[in-house]
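Subject: Handover of a structure and notes on it

Dear colleague,

Please find the structure below, followed by an account of what was found in it. I would be grateful if you would read the notes with the model open beside them.

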Amino acid sequence: MSSQIYINGQFFAEDEAKISVFDHGLLYGDGVFEGIRIYGGNVFLHGEHIDRLYESAKVIRLEIPITKEEMVKAVEETVARNNIDDGYVRLVITRGAGSLGLDIRRTSNPQVIIIAATISLYPEEYYHEGLQLITASTIRNHPQALSPRIKSLNYLNNIMAKIEATDMGCIEALMMNHKGEVSECTGDNIFIIKDKIVKTPPTDAGILEGVTRNAVIKLAREAGYEMQETTLTRHDVYVADECFLTGTAAEVIPVVSIDGRQLGDGKPGPITHELLKLFQELTRSSV
Ligand SMILES: Cc1ncc(COP(=O)(O)O)c(C=O)c1O
């Protein structure tokens with residue numbers, strides 16, 4: 001059955017859900033987005049995602065034409081109409097149709113689009129065996145050029161690095177920042193564990209401040225682990241005891257090798273397992 005797509009307060013069948021070819025979202029990647037998980041029909045960490053969406057929009061001077069409360073209701077209605085029990089919802093806000101020039105004063109009507117779908121997860125075996133990563137030669141966007149904290153419609157930076165990963169037979173790539181420090185992966189945040197201390201790069205390392213990342217930081221602290229948001233180098237990652245990635249789609253996924261260096265004993269580690277379990281409990285408790 002065709003899904004029902006929300007555009008500016010109305011629902012359209014997939015084939016009828018259309019926006020202008022002059023929309024600056026299409027012409028320039030000028031807009032913002034969010035991806036949120038649905039567990040048991042509930043929108044997981046809904047408020048956190050909505051806050052990040054409005055913050056991203058504020059930074060690019062895009063005024064979302066509905067309030068946060070209206071957005072929350074629109075998302076819930078889209079999920080209900082599509083009967084999504086376990087799935088994913090994508091929110092897209094574009095700058096709207098304008099001229100072929102860059103001037104945002106010549107655009108009108110930002111488009112609010114909500115798509116609810118079932119999700120294609122990473123294959124189950126990766127959660128048992130762990131991922132192998134490579135480091136991409138493409139660095140993460142310089143924060144003074146396009147801050148990675150903005151979840152913008154311009155994802156070419158990440159796509160370039162993802163191409164490098166898939167060329168090497170990997171599903172994720174580690175990305176450095178402009179200073180040569182570890183930032184994040186193409187669509188996930190990274191954590192390492194060394195001597196039982198859980199570490200992840202800080203928000204000023206040029207990362208998207210992942211909603212899953214923040215939830216896992218809280219879980220790690222509550223579980224009694226020392227948790228550091230600290231600068232990491234490639235060396236730190238190569239000699240880590242354990243490593244895992246976090247993201248809305250991936251949840252918590254173990255990493256067992258990076259650039260051919262095996263981490264620990266080459267199997268997902270015990271603290272990774274514990275945090276994965278705690279995160280799964282959190283998703284279930286939200287239902
Ligand atoms: C570049 C990037 N980093 C990290 C993440 C993980 O963020 P979240 O946990 O909010 O999905 C994502 C996914 O949205 C991403 O695109």
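Leaving out neighbours within four places in sequence, Ala-173 is in contact with Leu-133, Ile-134, Thr-135, Ala-136, Ala-161, Lys-162, Glu-164, Ala-165, Cys-185 and Thr-186; two residues count as in contact if their C-beta atoms, placed from the backbone, lie within 7 Å. Please note that this is a predicted model, in which local features need pLDDT of at least 70 and side-chain atom pairs count only at pLDDT 80 or more, while totals for chains, interfaces and linings use all residues. Residues are numbered from 1 along each chain as its sequence is written.

Strands β8 and β9

Strand β8 covers residues 173–176 and pairs with strand β9, residues 182–185, in the antiparallel sense over 3 bridges. Strands (E, at least two residues) and helices (H or I, at least four residues) are DSSP runs numbered from the N terminus, and two strands pair if DSSP finds at least two bridges between them. Met-175 stands opposite Glu-184 in β9. The hairpin of β8 and β9 has 5 residues between the strands, and Gly-180 takes a positive phi near 85 degrees there.

The two domains

The domain assignment gives domain 1 as 4–117 and domain 2 as 124–285; such bounds come from an automatic or database assignment. The C-alpha centres of domain 1 and domain 2 lie 26 Å apart. Their contact takes 21 residues from domain 1 and 10 residues from domain 2. On the side of domain 1 that touches domain 2, the elements giving two or more residues are β3 (31–39), α2 (46–59) and β5 (87–94). Of these, β3 gives the most, with 8 residues. The residues on that side of domain 1 divide into 9 nonpolar, 7 polar and 5 charged. In this count Ala, Val, Leu, Ile, Met, Phe, Trp, Tyr, Cys and Pro are nonpolar, Asp, Glu, Lys and Arg are charged, and the others, Gly among them, are polar.

The open sheet

An open sheet is formed by 6 strands in the order β2-β1-β6-β5-β3-β4, with antiparallel pairing. β2 (10–13) and β4 (42–43) stand at the edges with a single partner strand each, so one side of each is left without a neighbour in the sheet. Within this sheet, β3 and β5 pair over 8 bridges in the antiparallel sense. The bridge partner of Glu-34 in β5 is Leu-91.

Strand β13 (residues 242–247) is largely enclosed by the rest of the structure, because 6 of its 6 residues are buried. A residue is buried if 20 or more other C-beta atoms lie within 10 Å of its own, exposed if 12 or fewer do, and partly exposed in between, with C-beta atoms placed from the backbone. Glu-242, Phe-244 and Thr-246 cover one side of β13 and Cys-243, Leu-245 and Gly-247 the other, all of them buried. Strand β10 (residues 189–194) runs antiparallel to β13 and is joined to it by 5 bridges; Ile-190 has Leu-245 of β13 as its bridge partner. β13 also pairs with strand β14 (residues 251–258), again antiparallel and over 5 bridges. There, Cys-243 has Val-255 of β14 as its bridge partner. The hairpin of β13 and β14 has 3 residues between the strands.

Val-216 lies in helix α6 (residues 211–222) and is buried, with 25 other C-beta atoms within 10 Å.

The largest nonpolar core has 60 residues, and those touching the most other members are Val-89, Ala-173, Leu-174, Val-216, Cys-243 and Val-255. Such a core is a set of buried Ala, Val, Leu, Ile, Met, Phe, Trp, Tyr and Cys residues joined through C-beta atoms within 7 Å. α6 gives the most to this core, with 6 residues, and the core draws at least three residues from each of domain 1 and domain 2.

The ligand is surrounded by 14 residues, the closest being Leu-208, Gly-210, Val-211, Thr-212 and Thr-248; a residue counts as near the ligand if its C-beta atom, placed from the backbone, lies within 6 Å of it. α6 and β13 are the elements that give two or more residues to this shell, and α6 gives the most, with 3 residues. The shell divides into 2 nonpolar, 9 polar and 3 charged residues.

With kind regards
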